[in-house]
Amino acid sequence: MSHTFSPVVASRDAETLAVTLLSPEALAAQGAEARAAYARLAAAGLKLDMTRGKPSPEQLDLADGMLALPGNRDFVTETGEDARNYGGLQGLVEARRLFGAMLGVSPEAVVVNENSSLAVMHDCIVWALLKGVAGGKPWVGQDVAFLCPVPGYDRHFGLCEGFGIRLIPVPMTGEGPDMDAVERLVADPAVKGMWCVPVYSNPDGVTYSDATVRRLAAMPTAAPDFRLFWDNAYGVHHLTENRPAPHDILGLTAAAGHPDRAFIFASTSKITLAGAGLAFFAGSKGNVAWYLEQVGRRTIGPDKLNQLRHTRFLRDLDGIHRHMAAHRRLIAPKFAAVLEALDTRLGGLGLARWTTPEGGYFITVEMLQGSAKRVVELARGLGIALTPAGATSPHGRDPTDAVLRLAPTYPSVEDVRAAAEGIALCIHLAALEAAGLDRAA
């Protein structure tokens, strides 16, 4: 039974639940069984964390070979540059070629940074506020708003919140953000940007359709300095044999007459070593010149030895795909364990639905309106830590209190299975409480 869903849907209530369960006797029987199961798990002394999408130690081990690279006296780049020295602000040619292929852009369109793509996004927002983007005026002193697909990524929201940028939620669909809503909202000149995770979006795993991307590239906007903050964080993080190609957002925006519209971001944080990877900015010729002008004021050059380390280890795009296949072998069973636990307890009851992602790092669960916070509370009573309810909405406030993000990558398969069984049980209990039973914890 497939439970993949468009996350923004009409909520179900306790009345519907009662009809689904047919009778008060059936409802009471389910409640007694769920309470007994909860008591058994509570006595087990679990201590499990499903809060953040972090690579597991076994995933990090896949890149252990990098720790010996680039190797003694191996510091000369393919252009004869000494990687130990200053310079090379845009990054090594070989690194830009390798990761440009991953992003579907030319090497000239890529800037290679240190390990954090979040830091690159932060810098772009700060520079836009203080200096303006290429061809634009500083955003400081203006009413600035960003469109935020919901459910979405809490760290994106947090960047804007920290600088007083207004967040405007946009519903997600199975093809990406609701483009009718987006096209209506960008008629407001205050809307200067939009967060996008185009492949395996965080947290619902949706990959934007070609039609959605074309509309994002071509739509008229009231703000001439509008930017798509195109975070391709999960572009090669596949959970199946299917490998969607990166969207040609730069080509599409250029063809539509908006060559500077897209800022592309990515990193190797979940490819190689999360704390010692590379982050990327990519864009048009004008955007790359703008970025390098700003970054050149705060650094004389990046860590080029780390760039050599990555190019020696991954080698080419096929090498990236082989490496990511090894990641998939480690984490796909964890996703399968979560889906199995949800289906075993909740399948066919109409109490919840969940995504079956083909890539990325999360599973999103939608449940009865007003129950997500209660599920987090019940899970805490079992020793299971979950991402706070509301984290997938701006300002941490989900008006439906119905959506949770599950992050199964870091714990072991056994711990993921135990946590998922507990989470499914908590969703069941919260639904039964909504139908009128006493609280279980």
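This is a predicted model: local features need pLDDT of at least 70, side-chain atom pairs count only at pLDDT 80 or more; totals for chains, interfaces and linings use all residues.
The strands were examined first. Eight strands form an open sheet with mixed pairing, in the order β2-β9-β8-β7-β6-β3-β4-β5. The edges are taken by β2 (110–113) and β5 (176–177), each of which has a single partner strand, so one side of each is left without a neighbour in the sheet. The pairing of β2 with strand β9 (residues 279–282) is antiparallel and runs over four bridges. Within this pairing, Val110 has Ala282 of β9 as its bridge partner.

Aromatic side chains were considered next. A pair of aromatic rings is described by the distance of the centres and the angle of the planes. The count comes to 17 aromatic pairs in the model. In one of them, the ring centres of Trp127 and Tyr291 are 5.3 Å apart and the planes stand at 70°, so the pair is edge-to-face. This pair links distant parts of the chain, since Trp127 belongs to helix α5 and Tyr291 to helix α10 (residues 285–295), 164 residues apart. Both Trp127 and Tyr291 are buried. An edge-to-face arrangement is also found for Phe146 and Phe229, with 5.1 Å from centre to centre and 70° between the planes. Here, too, distant parts of the chain are linked: Phe146 lies in strand β3 (residues 145–150) and Phe229 in strand β7 (residues 227–231), 83 residues apart. Phe146 and Phe229 are both buried.

Lys54 is placed over the face of Tyr410, at 4.6 Å from the ring centre. In the case of Lys270, the charged end sits over the ring of Tyr361, 5.3 Å from the centre of that ring.

Rolling a probe the size of a water molecule over the atoms shows where empty space is left. The largest pocket has a volume of about 530 Å³. Its lining consists of 21 residues, and those nearest the centre are Gly53, Tyr153, Arg155, Ser269 and Lys270. By class, nine of the lining residues are nonpolar, seven are polar and five are charged. At least two lining residues are supplied by each of α5 (117–131) and β8 (262–267). The largest share, three residues, comes from α5, the helix that also holds Trp127.

Conventions: Residues are numbered from 1 along each chain as its sequence is written. Side-chain values use heavy atoms; hydrogens and water are left out. On a 1 Å grid over the protein atoms alone, a cavity is a set of points where a 1.4 Å probe fits but cannot get out, and a pocket is an open set with protein on both sides within 12 Å along at least five of seven lines; lining residues have an atom within 4 Å of a point. Grid points are joined across faces, edges and corners, and a volume is the space filled by probe spheres set on the points. Ala, Val, Leu, Ile, Met, Phe, Trp, Tyr, Cys and Pro count as nonpolar, Asp, Glu, Lys and Arg as charged, and the others, Gly among them, as polar. Rings of Phe, Tyr and Trp (its six-membered ring) pair if their centres lie within 6.5 Å; planes under 30 degrees apart count as stacked, over 60 as edge-to-face and the rest as tilted. Buried means under 20% relative accessible area, exposed over 50%, partly exposed in between (1.4 Å probe, protein chains only). A charge sits over a ring if NZ of Lys or CZ of Arg is within 6 Å of the ring centre and within 35 degrees of the ring normal. Two strands pair if DSSP finds at least two bridges between them.
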